[in-house]
2 protein chains.
Amino acid sequence: MKLYDYTMAPNPRRVRIFLAEKGIEIEKVQVDIPAGENLAPAFRAINPRGLLPTLVLDDGTVIDESVAICLYFESLQPDPPLIGTDAKTRAVVASAQRHMEFDGLQAVAEAFRNSNPTFANRSISGSEGVPAVPGLVERGRAAAERFYASLNDTLADSEFVAGDAYSIADITALCVVDFAKWIQLRAGDEHPRIKRWYAAVSSRPSASA
Amino acid sequence: MKLYDYTMAPNPRRVRIFLAEKGIEIEKVQVDIPAGENLAPAFRAINPRGLLPTLVLDDGTVIDESVAICLYFESLQPDPPLIGTDAKTRAVVASAQRHMEFDGLQAVAEAFRNSNPTFANRSISGSEGVPAVPGLVERGRAAAERFYASLNDTLADSEFVAGDAYSIADITALCVVDFAKWIQLRAGDEHPRIKRWYAAVSSRPSASA
């Protein structure tokens, strides 16, 4: 089993934190996204989508998408549970995880990719020759600000993003908040609950994975 | 239990097809997206994100996001299995489902929302006052065309999108292909495998759910 990874990128980090929470160690291969290694033929031969993280099983099966890779490891090793434990908590965690992904991660990525010169022709992850769309910088930034307000509200009701247990939703959210620093967006005084939660989740040993 | 639904929209349809495949019937409430009912205070009081589909359990728990709702019903009634049956097939299905969602559904939605006058100030689902981004019409259309080429390749290896069993990945893909008609995009002679697959999945009774 081999995990294609890039240390600096938020999506591979989601999987690394998930594995660290479970105490699982696997072989990792670095693929340099800013240098375009993920778009080169050698990596396309492994994953035609050109996206990281990508997990290759010993039988050659290729699994990409962070959430799908995490699901695989949850099946292999259910403890500690990170995606819920029964019908309701699994659905609540999946729902919250997707809020973090669609409302948070995609917003920050939109602002970041369309303003960073490295991605001037890579507006869509995994594609080449797709020019940056200037209007997305402002749209993404504003959506990310709405996300912060919403996340602060969510954390009024519970210790963690999807209830009283740490889950994959917290992992995605932590990666969003750290990624948002790249667009100079940080939790402010109006987000006291995000600050309280961030202090807790970012101090777990897994956060440095 | 109550499902907030809108018959014409692709995301609620994903859940309706999933439920039809399982033979589950539940109460549905229509929320008119083009008329903006999903953004009005009455619906925001149910789901602050203003998105459909939204499932409300008898205990008041709110679960939105199509995939999270489907996961809930898979837990309640595992047969017929639609998200895989073991560690590997569950991960493969989740990965493929996300390919359909990120590469297909998001591409078509991007082209559709940013060109349709109804959504002139609703470029992001669930938000108001977010103007359409003209550059996304072409970007989304081109991404959708790449998706068709990729889906046609995927179907060379298997009868269905995620292998030899019908799954949630086929449901998402079917909703993409029908949604794409709204941007005048259809499988052509260069996509024979999509045509073969589409004939099979769209003739299942669930397709009319």
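This is a predicted model: local features need pLDDT of at least 70, side-chain atom pairs count only at pLDDT 80 or more; totals for chains, interfaces and linings use all residues.
Helices here are DSSP runs of H or I with at least four residues, strands are runs of E with at least two, and both are numbered from the N terminus. That numbering puts A:Gln184 in the loop between α6 and α7 (192-202) of chain A. Phi of A:Gln184 is near 60°, a positive value in a residue other than glycine. With 8 other C-beta atoms within 10 Å, and a cut-off of 12 or fewer for the exposed class, A:Gln184 counts as exposed.

A second residue with a positive phi sits elsewhere in chain A. A:Glu65 is not a glycine either, yet its phi is positive at about 80°. Its place is the loop between β4 and α3 of chain A. As a reminder of the background, most residues other than glycine have a negative phi, and most peptide bonds are trans.

In chain A, the bond from A:Asp79 to A:Pro80 is cis, with omega near -10°, and A:Pro80 belongs to the loop between α3 and α4 of that chain. In chain B, B:Leu52 and B:Pro53 are joined by a cis peptide bond with omega about 0°. B:Pro53 falls in the loop between α2 (41-44) and β3 of chain B.

Turning to the sheets, chain A has an open sheet of four strands in the order β2-β1-β3-β4, with mixed pairing. Its edges are β2 (27-30) and β4 (62-64), each of which pairs on one side only. From one strand to the next, the twist averages 25°. Within this sheet, β1 (residues 2-5) of chain A runs parallel to β2(A) and is joined to it by four bridges. A:Lys2 is placed opposite A:Glu27 of β2(A) in this pairing.

Chain B can be followed strand by strand as well. Strand β1 (residues 2-5) of chain B is parallel to β2 (residues 27-30) of chain B, and four bridges hold the pair. To get from β1(B) to β2(B), the chain passes through helix α1 (residues 10-22) of chain B, in a β-α-β crossover that is right-handed. Two of the facing positions can be named: B:Lys2 lies opposite B:Glu27, and B:Leu3 lies opposite B:Lys28. β1(B) also pairs with β3 (residues 54-56) of chain B, this time in the antiparallel sense and over three bridges. B:Leu3 takes part here too, standing opposite B:Leu55 in β3(B).

Back in chain A, helix α3 (residues 66-76) is largely enclosed by the rest of the structure, because nine of its 11 residues are buried. The buried stretch includes A:Ser66, A:Ile69, A:Tyr72 and A:Glu74.

The largest nonpolar core has 106 residues, and A:Val108 and B:Val108 have the most contacts inside it. Leaving aside neighbours within four places in sequence, B:Val108 is in contact with B:Gly140, B:Ala144, B:Val176, B:Phe179, B:Ala180 and B:Ile183.

One more buried position in chain B is worth a look. B:Gln97 lies in helix α4 of chain B, and 29 other C-beta atoms within 10 Å make this residue buried. Beyond its neighbours within four places in sequence, B:Gln97 is in contact with B:Val67, B:Ile168, B:Ala169 and B:Thr172. The C-alpha atom of B:Gln97 is separated by 12 Å from that of B:Thr154, a residue 57 residues apart from it along the chain.

Notes: Residues are numbered from 1 along each chain as its sequence is written. Chains are lettered from A and ligands numbered from 1 in the order in which they are written. Two strands pair if DSSP finds at least two bridges between them. A crossover is right-handed if, with the strands pointing away from the viewer, the path from the first strand over the helix to the second runs clockwise. Axes are lines fitted to C-alpha atoms, for helices over the stretch in contact, and angles run from 0 to 180 degrees between N-to-C directions. A residue is buried if 20 or more other C-beta atoms lie within 10 Å of its own, exposed if 12 or fewer, and partly exposed in between; C-beta atoms are placed from the backbone. A nonpolar core is a set of buried Ala, Val, Leu, Ile, Met, Phe, Trp, Tyr and Cys residues joined through C-beta atoms within 7 Å. Two residues are in contact if their C-beta atoms, placed from the backbone, lie within 7 Å.
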